2 protein chains.
Amino acid sequence: MKAAILTIGDEILIGQVINTNAAFLSKKLFSAGVAVERVISLPDDEKEILKEFRSAFKKYDVVAVTGGLGPTHDDITKKCIVRFFRTKLREDKKVLKHIRSIFSRRNIRLTEASAMQAMMPAAAIALHNKLGTAPGILVDKGGKIFCAMPGIPYEMEYITEHGLIPYIAKKSRNSKRADTLVQKTLHTIGIPESQLAERIGAVGNIVRSGPGYSVKLAFLPSFYEVRLRIIIRALSVKIANSLLRESVKRIEEKAGRYIYSYDESPIQKAVGDILKKKKMTLSVAESCTGGLIASKITDIAGSSDYFTEAVVTYADRAKEKILGVKRSTLKKYGAVSEQTAIEMAEGIRKVSGSDFSISTTGIAGPSGAKPGKPIGLVWIGYADKNKSFAKKFIFTKERFRNKEIMSKMALETLRRELLSISN
Amino acid sequence: MKAAILTIGDEILIGQVINTNAAFLSKKLFSAGVAVERVISLPDDEKEILKEFRSAFKKYDVVAVTGGLGPTHDDITKKCIVRFFRTKLREDKKVLKHIRSIFSRRNIRLTEASAMQAMMPAAAIALHNKLGTAPGILVDKGGKIFCAMPGIPYEMEYITEHGLIPYIAKKSRNSKRADTLVQKTLHTIGIPESQLAERIGAVGNIVRSGPGYSVKLAFLPSFYEVRLRIIIRALSVKIANSLLRESVKRIEEKAGRYIYSYDESPIQKAVGDILKKKKMTLSVAESCTGGLIASKITDIAGSSDYFTEAVVTYADRAKEKILGVKRSTLKKYGAVSEQTAIEMAEGIRKVSGSDFSISTTGIAGPSGAKPGKPIGLVWIGYADKNKSFAKKFIFTKERFRNKEIMSKMALETLRRELLSISN
């Protein structure tokens with residue numbers, strides 16, 4: 001089945017609200033085997049809404065609509081549905097009872113505008129909205145499904161999960177349609193897209209299709225990271241999963257060591273999982289990353305099991321006093337140097353008594369460059385009980401991006417050491 | 001002028017990526033007086049892309065496209081542009097030079113696929129992409145603007161701000177349009193929407209309209225923050241700006257002290273500006289916020305002028321050893337307590353020699369609650385040369401949100417002290 005999502009409301013078109021509803025709906029529909037082929041945001045304008053209703057309901061099996069079902073003057077979706085399906089409104093007693101119960105629980109007088117939300121298009125089924133007053137409005141016509149839901153995210157999510165998706169599942173079981181979709185995204189960091197592509201080689205090895213199945217591979221680059229997304233379409237879940245396993249294996253053979261995540265989990269999760277398994281601890285000394293590494297590590301619940309402490313030593317004085325970086329080192333090589341990075345990593349490891357430590361010292365920008373030390377330069381230090389070293393990278397001219405990628409590459413440096421991955 | 005935004009890429013249609021690009025573009029186009037009437041997300045499919053190019057370029061004055069300009073096999077936007085405008089590719093020497101410089105700066109071999117990004121449709125102008133290899137592709141034809149940009153957010157943002165928007169501004173100046181739109185958003189934190197509304201009083205004082213002008217005010221609440229957006233429409237920039245100044249003044253009279261930002265700048269910028277002006281320094285001791293406060297502070301360029309250092313003491317041992325929190329305090333009151341928060345703030349102030357310091361100790365979640373100490377509890381500590389104290393807050397059950405709001409409220413606590421704002 002193919003679908004379009006229509007989101008109605010000016011707030012999206014002026015950029016005031018980010019369209020998270022569409023992402024949620026796309027994910028849920030995808031898991032239910034429905035491929036979304038369009039997401040369209042349109043204004044609170046009757047003519048425009050009717051135009052898109054017509055065009056989408058003609059082209060797609062499922063049309064999911066969000067927004068414009070509230071009680072105020074600018075909510076016109078229901079009116080458009082009535083017009084589009086040439087139907088009338090009639091009171092739905094069950095919905096009215098539910099609305100009354102919400103108002104009495106909140107101890108608020110029921111307004112006429114809210115009572116009106118119990119008026120349903122005669123051609124439609126009301127999908128229960130446990131969390132609000134506007135029900136989902138589902139019309140099943142000519143083998144196609146039209147479903148309008150409120151734009152408030154948690155209400156839309158409730159109706160999607162408890163009304164729309166079960167309805168679609170039931171319908172597709174009855175129609176014995178086969179087509180299964182599965183997908184997986186592999187995350188890599190620190191290898192450019194072009195080199196990764198070269199390494200994986202002729203994608204024909206992975207991308208392929210035949211009767212009843214297809215395997216797609218997409219390279220999704222973002223700031224020093226590349227995600228590899230595999231999408232499989234097949235006649236059964238079993239076949240789809242087997243094709244998926246095979247595709248992942250083919251990629252792993254070529255570039256496995258660059259993959260730190262097989263779901264949406266971040267690099268700090270990968271590092272944390274390894275440390276937990278090894279029952280070992282980590283401490284961090286940051287300069288240019290300014291606390292971002294520590295913040296990433298502590299984003300993971302349970303990180304207190306392996307993370308002991310971090311220090312953010314912006315001032316040279318702090319590098320000396322807390323970390324024991326030698327004054328002579330700072331004088332001779334400067335704060336941004338291999339030697340300082342190493343002494344920072346060794347210093348925090350000593351102070352904290354942790355098994356491993358990482359450090360950063362660099363120039364985040366936008367200013368602060370010195371001869372031989374451009375903006376974007378960073379030394380990432382590492383120390384364990386046997387060795388210590390620092391690696392040099394040069395990133396961008398932008399402070400924010402630099403902090404982000406420097407932090408991630410510090411974590412990736414640790415990951416490669418923990419797994420003994422050579423470069 | 002009216003616009004459509006087309007975002008190309010399966011990742012949006014399967015819900016893997018939230019369409020933040022469209023929100024950014026909508027905002028920027030809106031500020032440039034261009035009303036976005038459609039946002040359409042479509043798949044990496046040549047036929048579908050061409051169909052939407054045709055339909056959008058017919059209906060709208062501006063068509064902004066993102067995505068599908070990378071160097072791999074699934075990036076087909078450029079191919080579609082060539083076909084749509086019936087043009088050819090030719091090498092752009094300036095773009096090629098830029099691509100070479102990026103690769104040599106990163107010390108990576110230039111691949112053929114990346115060099116291909118210098119091939120531009122002959123009908124197009126290349127918009128410089130300082131942050132990446134794929135330039136923006138702008139075609140100005142029949143009084144209409146078509147502009148394709150990479151999907152990587154910061155690259156798209158750079159090209160929009162430095163290429164597309166200036167181009168539109170120049171074009172609309174030449175066409176002598178009337179109606180001006182200006183807007184400003186005032187940011188507050190730590191005051192509930194209802195209290196803020198009460199304080200501001202009858203909004204009729206601010207919201208008003210007359211011949212050729214209107215002033216709108218919207219309350220935009222989000223997670224412990226409220227933004228106040230003013231939108232002015234007027235016949236000239238001068239009138240619009242004068243109405244804006246007046247509206248801001250009226251709000252300031254009632255609630256000025258709660259406003260920490262008049263643009264999109266974050267709370268750490270407001271705090272940094274005050275410290276810089278006072279020529280005073282700050283240090284931070286974090287537990288539950290895990291480095292996020294330090295990271296926020298160091299997001300601001302030039303923060304090394306006032307920020308000396310931070311420590312993230314997850315382990316109790318580190319609180320004792322680095323900050324000098326008394327063992328007896330930890331034993332008697334626990335790590336999450338008023339006393340510990342105060343000793344942490346005093347401790348980091350002493351270690352660093354800074355003028356001011358803040359601290360956090362709390363339970364970020366999702367587990368770790370103790371009797372009388374629920375998830376979301378935080379003590380925010382403050383110390384200067386004259387006094388120290390700690391304040392208690394209880395936020396949510398969600399780790400990620402807690403870290404965020406705890407960090408912001410710690411910075412807001414400092415801001416209010418620096419400005420002697422009582423609550």
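Two strands are said to pair if DSSP finds at least two bridges between them.

**Figure 1. Strands β11 and β12 of chain A, in a predicted model.** Strand β11 (residues 213–222) and strand β12 (residues 225–234) of chain A run antiparallel and are joined by nine bridges. Within this pairing, A:Phe219 has A:Leu228 of β12(A) as its bridge partner.

**Figure 2. The open sheet of chain A.** Five strands, paired in the antiparallel sense, follow the order β10-β11-β12-β9-β13. Because β10 (208–210) and β13 (259–261) of chain A stand at the edges with a single partner strand each, one side of each is left without a neighbour in the sheet. From one strand to the next, the twist averages 30°. Helix α15 (residues 399–418) of chain A lies across β9 (180–189), β12 and β13 of chain A, and runs at about 90° to β9(A).

**Figure 3. Strand pairing between chain A and chain B.** Strand β2 (residues 35–42) of chain A pairs with strand β2 (residues 35–42) of chain B in the antiparallel sense, over three bridges. Here A:Ile40 stands opposite B:Ile40.

**Figure 4. The contact of chain B with chain A.** Chain B contributes 76 residues and chain A contributes 84 residues. The two chains bury about 6300 Å² between them, 53% of it on carbon and sulfur atoms. B:Ile14, B:Arg38 and B:Arg105 supply 11% of the area that chain B buries against chain A, more than any other three residues.

**Figure 5. Salt bridges across the interface.** Nine salt bridges are found between chain B and chain A. One of them links B:Lys403 to A:Asp299, with the closest N and O atoms 2.7 Å apart. On the side of chain B that touches chain A, the residues comprise 34 nonpolar, 21 polar and 21 charged.

Key. Residues are numbered from 1 along each chain as its sequence is written. Chains are lettered from A and ligands numbered from 1 in the order in which they are written. This is a predicted model: local features need pLDDT of at least 70, side-chain atom pairs count only at pLDDT 80 or more; totals for chains, interfaces and linings use all residues. Side-chain values use heavy atoms; hydrogens and water are left out. Contact means heavy atoms within 4.5 Å. Buried area is the accessible area (1.4 Å probe) that two parts lose on being put together, summed over both. A salt bridge is a side-chain nitrogen of Lys or Arg within 4 Å of a carboxyl oxygen of Asp or Glu. Ala, Val, Leu, Ile, Met, Phe, Trp, Tyr, Cys and Pro count as nonpolar, Asp, Glu, Lys and Arg as charged, and the others, Gly among them, as polar. Helices (H or I, at least four residues) and strands (E, at least two) are DSSP runs, numbered from the N terminus. Axes are lines fitted to C-alpha atoms, for helices over the stretch in contact, and angles run from 0 to 180 degrees between N-to-C directions.
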